[in-house]
Amino acid sequence: MAIVPTLLTPLILSITPATINVPTPSYDHASQGANTVISQYQTTTITANGTQTFDFNGRPNDADSDKGRD
Amino acid sequence: MARRFSPYCFRLNYDIWHDYSIEHTPKGWKIEDPTGRFIDSDSVTRAFWWKTFNVDLESVDPMIAAEIRYTIREIYADTKHKGIVRGNPSDWHKNWGKTAILNVASRYLKVPTSLVSWKGLGITKLPPDKVYVAKSLDSELTADGKALFTTKVELSQLDSSYPWFIQEYIESDWDITVQIVGKKLFPFQRSRKDLKGIDWRSEQSFRTDIEEWEPYSLNERDESSIRKLVSDLSVDFGRIDLMIEKTTNDLIFLEYNANGQWVFLDYHEKYGILDAVVEYIKS
């Protein structure tokens, strides 16, 4: 019986983003900033054809992620 | 950045919306934080909108979340009407998508062959001697929280019943990115030479000494091209991503991000980006 190859879909190509475990910084209204020290982590990842930045949960974090949700 | 404007800055955080008090009438608005600090439609002099809705309010009913966003947008719109906004609105890309921007960029810079295809239309026109990648248009996650990262693909293996954003793969040893702040350009480069394939799932390290990017000098022609591009897009803020093609050393335009991240380029404030952003907002 011939084996029909599975075609690729965007969903098949999608993968779970890498996440990092860091304490969520807490916001301080008095200083209008975080009241915990935030260390830097590698915010960009080398991907083909572009520079992508990600948040702590690995979610792509560049312009097109901003949701107007109109 | 809020500290640089202190005590004249008011920071409104969407994700902790419940901490703020808002009074908004047809005659004006006022926002107050728990410390008693406030800003209102009479006193506001500048507004800078930064990835405002980039998080989901997970514990908030979608209807309530929509009500929250509506009010924040109305207040932002008021500042736009006053002509005091700096930077780009969060939905800027609704009017300028990737393909439209590539079209504008192609007037001045090389761009990769790109195609958005439904039902496979256009795929047979793609030059067969090139390598291609599949990319995401909107960076949305799947229902189970996965992301489509830029991935090399064989066109013949793509299921044409799905929409695809396909782009020519650029062989490159250097990522280039240029942060635009008013009339200033901050170009940076990052080496791809030690990259082990295009596996992005590198270990994230929790360090304070990371400097992935270093300043890059644009030649006169490339700088002029970038300035013409941003002029045509009518923007004065955002980040342009490019690459240097390996065989030709040409600068290849990839994307413009109206609200792209920029702190990562100058985390230790060595190159003046934060200073420039502060001055830009004040201008």
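Ser234(B) counts as exposed, because 7 C-beta neighbours lie inside 10 Å; here a residue is exposed if 12 or fewer other C-beta atoms, placed from the backbone, lie within 10 Å of its own, buried if there are 20 or more, and partly exposed in between. Ser234(B) sits in the loop between helix 4 (220-233) and strand 13 (237-245) of chain B, where helices (H or I, at least four residues) and strands (E, at least two) are DSSP runs numbered from the N terminus. The phi angle of Ser234(B) is near 60°, a positive value in a residue other than glycine. Most residues other than glycine have a negative phi. Phi is likewise positive, near 60°, at Ser139(B), which is found in the loop between strand 7 (132-135) and strand 8 (151-153) of chain B. Ser139(B) is partly exposed, because 19 other C-beta atoms lie within 10 Å.

The model is predicted, so local features need pLDDT of at least 70 and side-chain atom pairs count only at pLDDT 80 or more, whereas totals for chains, interfaces and linings use all residues. Residues are numbered from 1 along each chain as its sequence is written, and chains are lettered from A and ligands numbered from 1 in the order in which they are written. The scores of the model are ipTM 0.81 and pTM 0.86. Chain B has a mean pLDDT of 90, with 94% of its residues at 70 or more; pLDDT is the predictor's confidence in each residue, from 0 to 100. Over residues 199-206 of chain B, pLDDT stays under 50, and the model has 16 contacts for this segment beyond four places in sequence. Two residues are in contact if their C-beta atoms, placed from the backbone, lie within 7 Å. Where pLDDT is low, the predicted coordinates should not be read in detail.

Chain B contains five helices and 14 strands. Its C-alpha trace spans about 65 × 45 × 40 Å along the principal axes. Of its 283 residues, 29% count as buried. Contacts joining residues at least 24 apart make up 62% of those in chain B between residues at least 6 apart in sequence. The chain is divided into domain 1 (2-86), domain 2 (92-110 + 172-282) and domain 3 (114-168), with bounds that come from an automatic or database domain assignment. The centres of domain 1 and domain 3 of chain B, taken over C-alpha atoms, are separated by 38 Å.

The largest nonpolar core has 33 residues, and those with the most contacts inside it are Val181(B), Leu242(B), Ile252(B), Phe253(B), Leu265(B) and Ile273(B). Such a core is a set of buried Ala, Val, Leu, Ile, Met, Phe, Trp, Tyr and Cys residues joined through C-beta atoms within 7 Å. At least two residues of this core are supplied by each of helix 3 (98-105), strand 10 (172-181), strand 11 (184-191), helix 4, strand 13, strand 14 (251-257) and helix 5 (273-282) of chain B. Strand 14 of chain B gives the largest share, five residues. Apart from this core lies another, of 11 residues, among them Val133(B), Ala147(B), Phe149(B) and Leu155(B).

In helix 5 of chain B, the residues Ile273(B), Ala276(B), Val277(B) and Ile281(B) are buried. These residues lie on the same side of helix 5 of chain B because they cover an arc of only 135° around the axis, the arc being that of the directions from the helix axis to the C-beta atoms. The cover over the buried residues of helix 5 of chain B includes strand 4 (47-48), strand 5 (85-86), strand 10 and strand 11 of chain B. Not counting residues up to four places away in sequence, Ile273(B) touches Gln179(B), Val181(B), Phe186(B), Trp262(B), Leu265(B) and Asp266(B).

Strand 7 of chain B is covered on both faces, with Tyr132(B) and Ala134(B) buried on one side and Val133(B) and Lys135(B) buried on the other. In a regular strand the side chains alternate between the two faces of the sheet. Strand 7 pairs with strand 8 of chain B in the antiparallel sense over three bridges; strands pair if DSSP finds at least two bridges between them. The bridge partner of Tyr132(B) in strand 8 of chain B is Val153(B). Strand 7 of chain B also runs antiparallel to strand 9 (residues 164-168) of chain B, joined by four bridges, and Ala134(B) has Ile166(B) as its bridge partner in strand 9 of chain B. Lys135(B) is buried because 26 other C-beta atoms lie within 10 Å.

Chain A comprises one helix and four strands, in the pattern α-β-β-β-β along the sequence. Of the 70 residues in chain A, 30% are buried.
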